[in-house]
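I opened the model to look up the ligand site and the helix packing. My entries are below.

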Amino acid sequence: MARRMPCYCWVSFLGYIVMITTAFVWYKAMRAFLRIIGPYMIYPGINLKKRAKGEWAVVTGATDGIGKGYAFELARKGFNIILISRSQEKLDNVKNELLGIYSNVKVKTFVFDFAKSKDAKEYQSMIEDVNKLEVGILINNVGTKYTHPELLHGMKDDLSDISNIIAVNTMPVTLLTSALLPQMVQRKGGVVVNISSFSGLYPMSHWSVYSSTKQYVRWLSNILRQEYARKGIIVQTICPGLVVTNMTKKKEPSFFIPDAISYARQAVGTIGISDETTGYMTHQLQVEILKFLPWFIRNWFIDSLSRNIRKAYMNKKKKAKEAKEAKKE
Ligand SMILES: NC(=O)c1ccc[n+]([C@@H]2O[C@H](COP(=O)([O-])OP(=O)(O)OC[C@H]3O[C@@H](n4cnc5c(N)ncnc54)[C@H](OP(=O)(O)O)[C@@H]3O)[C@@H](O)[C@H]2O)c1
């Protein structure tokens, strides 16, 4: 009687599957690795002056945090700087600080409150003045968020906060870009950097409005990048993680939380290399780890984090209220 040969086809089929899966995981891991170290350690930076084709750099929200960091880094690279924020006093201080270090650059300041100016017409005169200068770089940095993580219905008493967040995080990036692109198109060069956030990368539970406006910034940038690449204009999206600024209330820098100057130095170095990046090596490391997680674990992680931050905030607020009442008695 002939003996039946064992069937090896399943074994070789499974072998192929394992090989293909391993190759795919390696490919993904290598790409992630390159995104983490490539812009900071491997790829040479571009000649920013050549690509900008304009002597001036505009920075919105330029008196603190990341915006101030960008202003200093671009001045270091020899650009004249236009600072836009709400307070003339703070603008003058930053201007003096800049000129104290970089005496070779010019600095202009514009007072503008993007929360109060919700009608595009109110931008008109500021835009006309900015457009008189040769703007090669536009850093759409200004942004705001609510004080603590909260569900949307929990913000019913702060509806004006919601409209301010939407106005500040979406209007300036759209209107200023639209107003300054014509001169960039004419010169066939320019750089637009739009500051989004980690929270624009994933749906952030308890930060619904902020997270959605930051997704808007990414979406707008993706479209503009396609539309203007052929006109020689770079449109970059930056999605920072935590940086030591007033917004985060972080005081001390650490491995994952840089100060704004160090952050901006790395972020500016990625212009022309990465279309969309966190702008900082250890932030990119965090994002790549999150990307490897299945979406439901990622969402659970973000949700738990937000709930814990909210709980801590509420406890602190309650204790402060109790202490105030005890003082009164
Ligand atoms: N820090 C982070 O960890 C982090 C993380 C992800 C994304 N981001 C994004 O990065 C950007 C900058 O954040 P940041 O942390 O550097 O903020 P920040 O330290 O709070 O500084 C905000 C800047 O914007 C100006 N500003 C605020 N409201 C304004 C308004 N209504 N009109 C005009 N100017 C206004 C402020 O100046 P005046 O007070 O003088 O007006 C200040 O110069 C934002 O878009 C934010 O969403 C930050």
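The entries take the ligand first, then a loop residue, then the helix pairs.

**Ground rules.** I am working with a predicted model, in which local features need pLDDT of at least 70, side-chain atom pairs count only at pLDDT 80 or more, and totals for chains, interfaces and linings use all residues. Residues are numbered from 1 along each chain as its sequence is written, and side-chain values use heavy atoms, with hydrogens and water left out.

**Ligand shell.** I looked up what surrounds the ligand and found 31 residues, a residue being near if one of its heavy atoms lies within 4 Å. The closest are T63, R86, N141, Y210 and T245. By type, I read the shell as 13 nonpolar, 13 polar and five charged residues. Here Ala, Val, Leu, Ile, Met, Phe, Trp, Tyr, Cys and Pro count as nonpolar, Asp, Glu, Lys and Arg as charged, and the others, Gly among them, as polar.

**Ligand and backbone.** I then checked polar contacts (pairs of N or O atoms within 3.5 Å; within protein, one must be able to donate a hydrogen and the other to accept it, and residues adjacent in sequence count only if both atoms are side-chain atoms). A ligand oxygen is 3.1 Å from a polar backbone atom of D64. A ligand nitrogen is 3.0 Å from a polar backbone atom of F114, and a backbone N or O atom of A115 lies 3.4 Å from a nitrogen of the ligand. I note that the protein covers 94% of the 880 Å² of accessible area that the ligand has on its own (Shrake-Rupley method, 1.4 Å probe). The elements giving two or more residues to the shell are α3 (65–76) and α7 (208–228); helices (H or I, at least four residues) and strands (E, at least two) are DSSP runs numbered from the N terminus.

**T248.** I placed T248 in the loop between β6 (233–238) and α8. Its side chain reaches the backbone oxygen of V243 at 2.7 Å and that of T245 at 3.2 Å.

**Helix pairs.** Axes are lines fitted to C-alpha atoms, for helices over the stretch in contact, with angles from 0 to 180 degrees between N-to-C directions. The axes of α3 and α4 (residues 88–101) come within 10 Å and cross at roughly 25°. That makes α3 roughly parallel to α4 (under 35 degrees; over 145 is roughly antiparallel, 65 to 115 roughly perpendicular, the rest oblique). I find α3 and α8 (residues 260–269) packed at about 60°, axes 8 Å apart, and therefore oblique to each other. The axes of α1 (residues 9–42) and α9 (residues 281–292) come within 9 Å and cross at roughly 165°, which makes α1 roughly antiparallel to α9.
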